Amino acid sequence: MNTPFLDTARRVIRCESDALIQLADSLDDRFRGAVDLMRACKGRIIVTGIGKSGHIGNKIAATLASTGTPAQFVHPAEASHGDLGMITAADVVLAISNSGEAPELANLIAYSRRYAIPLIGITSRPDSSLGRHSDVVLELPRIAEACGTGVVPTTSTTLTLAMGDAVAVALMENRAFTAEHFRDFHPGGKLGARLSRVADLMHVGDALPLVSADAPMADALSEISRKGFGVVCVVNDAGTLEGIITMGDLARHLDGLMTMTAREVMTPAPVTISPDELAEKAVGVMNNRKITCLIVTDPAQNDGKSPVGLLHIHDCLRVGLG
């Protein structure tokens with residue numbers, strides 16, 4: 001059942017959705033010019049704006065920085081009281097003002113002109129002060145605000161945000177920016193965990209439980225106990241992986257266990273994974289196979305035949321995966 005609130009919400013969202021389509025259709029060579037300026041920038045993209053434009057500008061600067069384009073937000077009022085010193089001739093200024101007449105931007109615009117710092121303006125009025133002084137104008141369609149009164153920044157801020165995202169992604173794709181690069185800027189939180197590689201979490205060196213295939217089970221049990229993973233990797237004299245011994249293998253060979261060798265108890269051809277795979281994929285493999293550990297083998301070492309690490313499900317759970 002519709003209510004006045006739902007009707008309002010749908011009207012607002014449809015208004016902004018229609019505006020975004022118009023924005024996409026309106027893009028021209030000026031967008032390419034803006035991206036080229038930012039791509040050639042030797043310093044940082046200095047994003048600025050006042051009021052709601054400033055809030056959107058902060059987000060645009062953060063998106064640029066997180067996708068490989070160094071960027072910083074400079075508040076235009078603070079710029080007039082010393083923060084202009086943050087802006088250098090190697091930078092590019094991205095100024096946001098829907099009307100293009102925000103008085104707080106005047107000193108920053110003048111500074112960019114005085115020192116020949118490239119200026120890109122995002123505005124709906126290319127004939128405004130900001131538009132006239134900009135080297136490139138990213139023009140927003142003149143569409144009524146979704147508030148219905150025409151005074152609350154709604155549609156205009158949505159368009160500005162979308163324009164910023166379009167610029168950031170265009171720059172990102174031009175730089176062939178990958179998930180691996182993205183991870184470097186997002187090591188924390190759920191996102192960082194999702195982008196972690198197996199190599200980031202696996203146990204290596206002395207922590208890796210290893211035993212010779214011909215070793216008596218007494219030695220294998222000792223290695224399992226000392227390393228604490230509940231498993232041991234079984235290798236031959238050449239260091240090639242032959243199998244794995246798990247708690248399940250021990251339970252299946254209880255009778256006469258201490259008279260056997262590791263080769264007689266092991267499960268041959270265990271599941272392995274490359275150190276370059278995402279840890280999230282490793283979790284999926286362990287869940288599907290109903291196992292708690294994966295032996296890590298590196299294709300670049302001994303053709304992937306030797307164990308170089310061990311990943312336990314607890315390592316993945318510790319960083320928020322699973």
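What follows covers the sheet, the helix on it and a helix pair.

This is a predicted model, where local features need pLDDT of at least 70, side-chain atom pairs count only at pLDDT 80 or more, and totals for chains, interfaces and linings use all residues. Residues are numbered from 1 along each chain as its sequence is written, and side-chain values use heavy atoms, leaving out hydrogens and water.

Let's start with the sheet: it's open, with five strands in the order 2-1-3-4-5 and parallel pairing. Strand 2 and strand 5 each have a single partner strand, so one side of each lacks a neighbour in the sheet. From one strand to the next, the twist averages 20°. Strands here are DSSP E runs of at least two residues, helices are H or I runs of at least four, both numbered from the N terminus, and pairing takes at least two DSSP bridges. Strand 4 and strand 5 pair over four bridges, and Ile122 sits opposite Leu138 in strand 5.

Helix 2 packs on the sheet, and its direction makes about 125° with that of strand 5. Angles run from 0 to 180 degrees between N-to-C directions, with axes fitted to C-alpha atoms (for helices, over the stretch in contact). Helix 2 touches these strands (contact means heavy atoms within 4.5 Å):

| Strand | Residues |
|---|---|
| Strand 1 | 45-49 |
| Strand 3 | 92-96 |
| Strand 4 | 119-123 |
| Strand 5 | 136-139 |

Now the helix pair: helix 3 (residues 52-66) and helix 7 (residues 155-174) pack at about 15°, axes 9 Å apart. They're therefore roughly parallel, a label for angles under 35 degrees. Ile56 and Ile60 of helix 3 and Leu161 and Leu171 of helix 7 are among the residues making the contact.

Key:
Parallel < 35°, antiparallel > 145°, perpendicular 65-115°, else oblique.
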